[in-house]
Amino acid sequence: MDDKLLKRYLEYANTEESFAVLFVKKHLAQAKGHWVDIVDCRRYEMSSDNLHFRFVVGRLYKRKIKPQYPSKSAYTIDGKFDERGYYLMTRAITWETAHKDIEQQQSKNVAVSKFKITGVSYDKNRGNKNYFRDDAPPEIKALARDLNDRTDPLWDKAMQYVNKPEFVYEIKQVSMVKRCSYQYLACC
């Protein structure tokens, strides 16, 4: 087991770049069979979802080098298979292989595809003028006539029906430029 490689990979796995790679794999069908090289990205900082990006810009490289994984028997001790350890090591080896393959292709000025994916996060209740949700009982909705009078005991129950911001994320645009020479990819 290569502990140094595993340590480097685990540090990378929690970066914005690693989440951007997952984001691209999820939203860009052309990424299948390619290494994803992230050039620039920006997450929605306020979102709890690590896969909510304002934009991701990058390049796709054909996979030319195949990762060489250890045998599962190397992760079996006393007849018990360490599935998590094996999974992490295969991910680390894949990550290292991707970097080597991309570097080799860049040094040879191989033509690649570039992409840009933009997304947007918005409050779907933003234009809603009603203080309470539509599913609130009529006696709760009646409280909206005077929002400053909180003396009614129904207010304790009413708070669960308040129209709160509900953020939705969606992909706005995916653009691809196929087969550009590496040296001409300074900006997308």
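**A loop and its surroundings**

Guide: Asp49 sits in the loop between strand 1 and strand 2. Strands (E, at least two residues) and helices (H or I, at least four) are DSSP runs, numbered from the N terminus. This is a predicted model, in which local features need pLDDT of at least 70 and side-chain atom pairs count only at pLDDT 80 or more, while totals for chains, interfaces and linings use all residues. Residues are numbered from 1 along each chain as its sequence is written, and side-chain values use heavy atoms, with hydrogens and water left out.

Asp49 is partly exposed, at 34% relative accessible area. The scale runs as follows: buried is under 20%, exposed is over 50%, and partly exposed is in between (1.4 Å probe, protein chains only). Asp49 and Phe19 are 30 residues apart along the chain, with 10.0 Å between their C-alpha atoms.

Now the tyrosine of this loop. Tyr44 is buried, at 13% relative accessible area. Tyr169 is buried too, at 16%. Rings of Phe, Tyr and Trp (its six-membered ring) pair if their centres lie within 6.5 Å; planes under 30 degrees apart are stacked, over 60 edge-to-face, and the rest tilted. The centres of Tyr44 and Tyr169 are 6.2 Å apart and the planes stand at 80°, so this pair is edge-to-face. Ring pairs join Tyr44 and Tyr169 with Phe23 and Phe53 in a cluster. The structure holds 11 aromatic pairs.

Another pair is Phe81 with Tyr86. Their centres are 5.7 Å apart and their planes meet at 55°, so the pair is tilted. Phe81 is partly exposed, at 32%, whereas Tyr86 is buried, at 14%.

Charges also meet rings. The test is NZ of Lys or CZ of Arg within 6 Å of the ring centre and within 35 degrees of the ring normal. Lys116 lies over the face of Phe55, 5.9 Å from the ring centre. Arg150 lies over the face of Trp155, 4.0 Å from the ring centre.

Compare some other loops. Asp78 is in the loop between strand 3 (76-77) and strand 4 (80-81). Asp78 is exposed, at 81%. Its phi is positive, near 55°, and it is not a glycine. Asn109 lies in the loop between helix 3 and strand 5 (112-123). Asn109 also has a positive phi, about 55°, without being a glycine. Asn109 counts as partly exposed, at 32%.

Val162 belongs to the loop between helix 5 (155-158) and strand 6. Val162 is buried, at 12%. Setting aside neighbours within four places in sequence, Val162 contacts Tyr131, Phe132 and Arg133. Contact means heavy atoms within 4.5 Å. Val162 and Asp134 are 28 residues apart in sequence, and their C-alpha atoms are 9.7 Å apart.

Last, the helices. Helix 1 (residues 3-13) and helix 3 (residues 83-107) have axes that come within 9 Å and cross at roughly 80°. The contact involves residues including Leu5, Tyr9 and Tyr12 of helix 1, and Met89, Ile93 and Trp95 of helix 3. Axes are lines fitted to C-alpha atoms, for helices over the stretch in contact, and angles run from 0 to 180 degrees between N-to-C directions.
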